[in-house]
Amino acid sequence: MRTVKRPRRYVAPRWLAIGRPLLRYSEPRDAYVLRLVGRKWGPVLKNDRRHGGPLRGAAERRGSHARVA
């Protein structure tokens, strides 16, 4: 069993749709992996939902840690 997780790569939904014949969704990983060999080799792809800006009325939390001078 692998002790170090493979890095997740965020891709646009259209690339997941194009690669659909070669990819399958893995529930434990919550990501897409290559069919047949994805259990051990290949990329681990996630849907890129990180773009679009903050939600209306929500506070921006990135970079909010306080700096002590």
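Buried means under 20% relative accessible area, exposed over 50%, and partly exposed in between, with a 1.4 Å probe and protein chains only. I looked up L36 with this and found it exposed, because its relative accessibility is 88%.

I noted that this is a predicted model, where local features need pLDDT of at least 70 and side-chain atom pairs count only at pLDDT 80 or more, while totals for chains, interfaces and linings use all residues. Residues are numbered from 1 along each chain as its sequence is written, and side-chain values use heavy atoms, without hydrogens and water.

Backbone. Most residues other than glycine have a negative phi. I found that L36, not a glycine, has a positive phi of about 70 degrees. L36 sits in the loop between β3 and β4 (44–47); strands are DSSP runs of E, at least two residues, numbered from the N terminus. D30 is not a glycine either, and its phi is positive at about 55 degrees. I placed D30 in the loop between β2 (23–26) and β3 (31–34).

Salt bridge. I looked for a side-chain nitrogen of Lys or Arg within 4 Å of a carboxyl oxygen of Asp or Glu. The count came to one salt bridge. It joins the side chains of K46 and D30, at 3.6 Å, N to O. The two are 16 residues apart and link distant parts of the chain, with K46 in strand β4. K46 counts as buried because its relative accessibility is 18%, whereas D30 is partly exposed at 39%.

Aromatics. Rings of Phe, Tyr and Trp (its six-membered ring) pair if their centres lie within 6.5 Å; planes under 30 degrees apart are stacked, over 60 edge-to-face, the rest tilted. I found one aromatic pair. Y25 and Y32 are edge-to-face, 5.1 Å centre to centre, with 65 degrees between the planes. Y25 is partly exposed at 34% relative accessibility.

Methods:
Helix = DSSP H or I, 4+ residues; strand = E, 2+ residues; numbered from the N terminus.
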